[in-house]
Amino acid sequence: MNQDLPKLAWKGVSKRFDGAPVLDGLNLDVAAGRSLVIIGGSGQGKSVTIKVAMGLMGVDAGEVLVDGQNLVGQGGASLRGLFSRIGVLFQGAALFDSLSVWENIAFRLINADGVPRQAARARAIEALGRVRLAPSVADLFPSELSGGMQKRVGLARAVIADPEMLFFDEPTTGLDPITAAAINELIVDQVKRLGCTAVSITHDLASARTIGDEIAMLHGGKIVWRGPPADLDSADNPYVRQFVEGRPDGPMNTAV
Amino acid sequence: MASIAAVPTVLNPIRSLGRSTLAALRLIGAVGVFALRGVAAMLTPPWFAGQLLRQLAAIGFFSLPVVGLTAIFTGAALGLNIYTGGGRFNAEQVMPQIVALGITRELGPVLAALMLAGRVSAAIAAEIGAMRATEQIDAMRTLSTDPFRYLVAPRLAAAVMALPLLTVVADLIGVAGGWLIAVRILGFNPTVYIRNTAAFLQPSDVISGLIKASVFGFIVALMGCYHGYTAKGGARGVGRATTHAVVSSAILIFASDYLLTTVFAGA
């Protein structure tokens, strides 16, 4: 494989909802093995950006390239191929209410990979250990877990099949600072362990600094700044300045 | 835009009619495509047997009490009405035959289906709608599992299988309801009542009811799955999906009942 080829790239991606542009010729890429965090205000298209990369949403124009292969307009087989290579931690964890914790974690193994239930359960309990949850949690149901535990279970489910790419949608939203720090630490551990490419979206700057090798700021459907976390505080980009300082007045206010 | 705005106000009703017609055609097309995808997922592997069994229990077994209760009261009321009405031209004695015919050909499948529409279609729409709202359906896709195969196909298959069985139960209990009234209140001979019913009924009466039941089962599950799967707008959207599932199921049950009855009457 060409080492210079980005693992994932958005090329001129545009997406509109009811005529209103959400992504406007977005250009972005992430190299294999790197962790990119996309930050930005609410309604700026962060979720749409990763949903089109996960194959969950189409685009109006542009290309989404995984290992150089364009996903746009691809049918079921290509998307199934993509899904087998990715893991996703959704904002609300998106655990299946009717299944126990271990059945959630082992869902892919049982239903897509044909792993027998006993073996899948053993692997699920092993994955629980990786996110620092006790085996006794395995037989509980999602409604019996705290928000932080649900996120851990969601993370265990995302990494159980050793994906090449991980997507994190607001991984610390709704969590207290201590639990959020623990989730960030787990994310860093798992991304390192797997050596995979990671793309996260968040409003949480502490989370972005911890889990990202690079940070990109999305505004008005375009990337307006990109750099390492260490440069975030010294960036002179007015959007970044306003976002970092948390000021209500500034270019983002007028643009929205 | 200017030319549209310039359309005389007198043509507004026509414009509204056109919009409504297009919206209705879009909906019919969307439901049709959804149904075809559901049937394709039902007929081709991979199948999720565990899900099918779970749905058979939820849709079939747990609907038995409500279907049974509805059937016994309906059979009893039908019996009384036929006896009273038949008395106007000295035809009280045909009550067993008419009750059996009415229950097996019409009321058994239709009432069982309506009970299922209220109980099951709403539950399916609420469950799948909530899964849509909380990104569980997206999560399922990213876990390499087709939600159509895991969620929709087992529910369609279970309803198609369960409703005929529920209809058999409704037929038996409905006829028993008529028998109870006839024997206990109207003074019919219990053995003669049963003999008359059995002698009069033809296999086609029962079979036509069971065919109707399969079609109604498909409709009930399809409407629940479609409205749940396409639900938008959080809790409010889920509520709307539930209402739409029940209402559209009921309307389609009555419409298809008429069409199927026409077909069976011609055959």
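**A buried methionine and the helical chain around it**

Met115(B) is buried, having 22 other C-beta atoms within 10 Å; a residue is called buried if 20 or more other C-beta atoms, placed from the backbone, lie within 10 Å of its own, exposed if 12 or fewer, and partly exposed in between. The structure is a predicted model, in which local features need pLDDT of at least 70 and side-chain atom pairs count only at pLDDT 80 or more, while totals for chains, interfaces and linings use all residues. Residues are numbered from 1 along each chain as its sequence is written, and chains are lettered from A and ligands numbered from 1 in the order in which they are written.

Met115(B) belongs to helix α5 of chain B. Leaving aside residues up to four places away in sequence, Met115(B) touches Ser63(B), Val66(B), Val67(B) and Thr70(B), where contact requires C-beta atoms, placed from the backbone, within 7 Å. Val220(B) lies 105 residues from Met115(B) along the chain, and the C-alpha atoms of the two are separated by 9.9 Å.

Val66(B), Val67(B) and Thr70(B) are among the residues of α4(B) that meet α5(B), and Met115(B) is one of those on the α5(B) side. The axes of α4 (residues 64-87) and α5 (residues 95-133) of chain B come within 9 Å and cross at roughly 145 degrees; axes are lines fitted to C-alpha atoms, for helices over the stretch in contact, and angles run from 0 to 180 degrees between N-to-C directions. This crossing of α4(B) and α5(B) is right-handed, that is, the near helix is turned clockwise from the far one by less than a right angle. By class, the contact of α4(B) with α5(B) has 14 nonpolar, 7 polar and 1 charged residues. In this scheme Ala, Val, Leu, Ile, Met, Phe, Trp, Tyr, Cys and Pro count as nonpolar, Asp, Glu, Lys and Arg as charged, and the others, Gly among them, as polar.

The largest nonpolar core comprises 151 residues, and Ala113(B) and Ala159(B) have the most contacts inside it. Such a core is a set of buried Ala, Val, Leu, Ile, Met, Phe, Trp, Tyr and Cys residues joined through C-beta atoms within 7 Å. Its largest share, 20 residues, comes from α5(B). Ala113(B) touches Leu163(B), Ala213(B), Phe216(B), Val220(B) and Ile253(B), again not counting residues up to four places away in sequence.

Chain B as a whole has 10 helices and 0 strands; helices (H or I, at least four residues) and strands (E, at least two) are DSSP runs, numbered from the N terminus. Buried residues make up 45% of its 267 residues. The mean pLDDT of chain B, the predictor's confidence in each residue from 0 to 100, is 94, and 97% of its residues reach 70 or more.

Two loops of chain B carry backbone features. The peptide bond from Pro45(B) to Pro46(B) is cis, with omega near 5 degrees, and Pro46(B) lies in the loop between α2 (12-43) and α3 (49-60). Ser144(B), in the loop between α6 (136-142) and α7 (147-184), has a positive phi of about 60 degrees although it is not a glycine. Ser144(B) counts as buried, with 20 C-beta neighbours inside 10 Å.

Finally, 15 residues of chain A are in contact with 11 residues of chain B. The largest share of the chain A side, 3 residues, comes from α4(A).

Definitions and conventions
Contact = placed C-beta atoms within 7 Å.
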